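Here is a friendly walk through one protein model. Take a moment to look at the sequence and the fold, and then read on.

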Amino acid sequence: MRGRAAGEIRDLRVPLGEGIVGSVARSGEAELVNDVAADPRWRGDHQEVFKTRAILAVPLVAHGAVIGVLQLLNPVGRDRFLEDDLRRMRLFAGILAHPLQNARLYAARRRQFMETVIAWAEAIERKDPYTGGHVRRVMSYSVLLGEELGLSREDLEELWLAATLHDVGKIFVRDEILGKPGALDPEERQIMNRHPVDGAEILASITDLRRVLPGVRNHHERLDGRGYPDGLSGDEIPLLARIIAVADTYDAMTTSRPYRPGLPPERAAAEIQASTGSQFCPTVVAAFARLLASGRFASEDGHAVWRSFLPAS
């Protein structure tokens with residue numbers, strides 16, 4: 001959408017059958033109206049900054065159905081649209097309609113996929129009665145850190161997926177271990193520590209999710225090599241996993257459990273910073289500190305970022 005009025009009408013929605021454009025959408029027939037004020041269907045301009053004199057509206061038809069309307073307002077350098085304008089716009093609409101429909105179908109499938117991922121992760125989270133909201137908080141904190149670190153849009157989406165699914169392997173952990181109101185014994189800890197491996201094995205069978213395996217499998221590694229499951233150290237640990245590690249730990253520290261209260265944010269931040277270089281990546285912790293100091297490390301802020309990944313419904 002271009003032109004002086006583009007910003008004013010970008011999000012304007014016209015009901016089917018209403019006005020000139022709505023009439024074209026319903027009938028499927030192109031129209032050229034060079035005096036809109038004389039047309040009884042004209043409802044006036046949305047904003048007074050722009051005055052519409054003429055409209056050329058052509059339906060976008062894909063597989064026999066109208067999926068939208070291509071509209072031109074006020075020809076430049078003359079006072080009316082010509083029949084030749086209408087002919088050219090019909091040709092253009094015929095070229096545009098099918099790619100647009102395919103793009104909409106792709107966006108709808110992608111949105112459904114992303115919403116399914118969230119629902120799946122949150123369903124598994126319900127196995128643990130003490131971590132309500134953990135998935136959304138960790139994904140929010142993770143994308144905030146990724147954005148602060150300058151990750152590309154593609155990498156941010158990959159981080160979002162990995163953070164959403166980081167605990168998916170807990171589906172194999174027995175409920176009595178997940179819900180134990182106290183510290184785990186060595187055998188229980190060994191079972192719990194398998195969840196990154198189990199999660200990666202689950203996701204390995206799903207083609208669209210294989211790209212997030214490193215973030216899921218390695219988010220409990222430590223820079224000093226004393227983490228699990230692979231004992232990776234330093235730069236061997238994938239960046240997405242290093243980001244999720246900070247987000248996951250911060251949320252775990254600030255969330256209350258029956259056997260201990262959650263720490264205040266400042267205390268949790270101090271403990272994370274004290275473990276910089278041994279447990280956590282200094283670059284990620286520096287980004288964490290900047291966000292916290294500026295008051296931008298809040299799950300609501302991250303929520304706005306990851307919601308932007310969802311295609312419009």
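## A first stop on the surface

A37 is exposed, with a relative accessibility of 66%. Here exposed means over 50% relative accessible area, buried means under 20%, and partly exposed is what falls in between, judged with a 1.4 Å probe and the protein chains only. This is a predicted model, in which local features need pLDDT of at least 70 and side-chain atom pairs count only at pLDDT 80 or more, while totals for chains, interfaces and linings use all residues. Residues are numbered from 1 along each chain as its sequence is written, and side-chain values use heavy atoms, with hydrogens and water left out.

A37 sits in the loop between strand 1 (31-33) and strand 2 (55-62). Helices (H or I, at least four residues) and strands (E, at least two) are DSSP runs, numbered from the N terminus. From A37 to R53 there are 16 residues in sequence and 7.3 Å in space, C-alpha to C-alpha.

G44 belongs to the loop between strand 1 and strand 2. G44 is partly exposed, at 34% relative accessible area.

## The whole protein

The protein has 13 helices and 3 strands. Of its 313 residues, 43% count as buried. Contact means heavy atoms within 4.5 Å, and among the contacts with a separation of 6 or more, 58% are between residues 24 or more positions apart. The accessible surface is about 16,600 Å², and carbon and sulfur atoms hold 52% of that area. Such areas come from the Shrake-Rupley method with a 1.4 Å probe; for residues, only the protein chains shown count as cover.

Where does H134 lie? H134 is in helix 4 (residues 134-148). H134 counts as buried because its relative accessible area is 8%. Its side chain makes polar contacts (pairs of N or O atoms within 3.5 Å; within protein, one must be able to donate a hydrogen and the other to accept it, and residues adjacent in sequence count only if both atoms are side-chain atoms).

| Side chains | Polar contact |
|---|---|
| H134 and D248 | 2.9 Å |
| H134 and D251 | 2.6 Å |
| H166 and D167 | 3.2 Å |

Setting aside neighbours within four places in sequence, H134 is in contact with E125, H166, D167, D248 and D251.

H166 is in the loop between helix 5 (153-164) and helix 6 (175-178). Is H166 buried or exposed? H166 is buried, with a relative accessible area of 0%. Leaving out neighbours within four places in sequence, H166 has contacts that include H134, H195, H219 and D248.

## Backbone details

Most residues other than glycine have a negative phi, and most peptide bonds are trans. H63, which is not a glycine, has a positive phi of about 55°. H63 is in the loop between strand 2 and strand 3 (65-73), and at 67% relative accessibility it counts as exposed. N74 is not a glycine either, and has a positive phi of about 50°. N74 lies in the loop between strand 3 and helix 3 (83-125), where it is buried, with a relative accessible area of 11%.

The peptide bond between Y228 and P229 is cis, with omega of about 10°. P229 is in the loop between helix 9 (213-217) and helix 10 (239-254). G231 is also placed in the loop between helix 9 and helix 10. G231 is partly exposed, at 32% relative accessible area, and touches E221 and G225, not counting residues up to four places away in sequence.

## Enclosed space

Rolling a probe the size of a water molecule over the atoms shows where empty space is left. A cavity, on a 1 Å grid over the protein atoms alone, is a set of points where a 1.4 Å probe fits but cannot get out, and lining residues have an atom within 4 Å of a point. The count comes to 2 cavities of 30 Å³ or more. The second largest cavity has a volume of about 50 Å³, and its lining includes H219, E221, R242 and F280.

Notes. On a 1 Å grid over the protein atoms alone, a cavity is a set of points where a 1.4 Å probe fits but cannot get out, and a pocket is an open set with protein on both sides within 12 Å along at least five of seven lines; lining residues have an atom within 4 Å of a point. Grid points are joined across faces, edges and corners, and a volume is the space filled by probe spheres set on the points.
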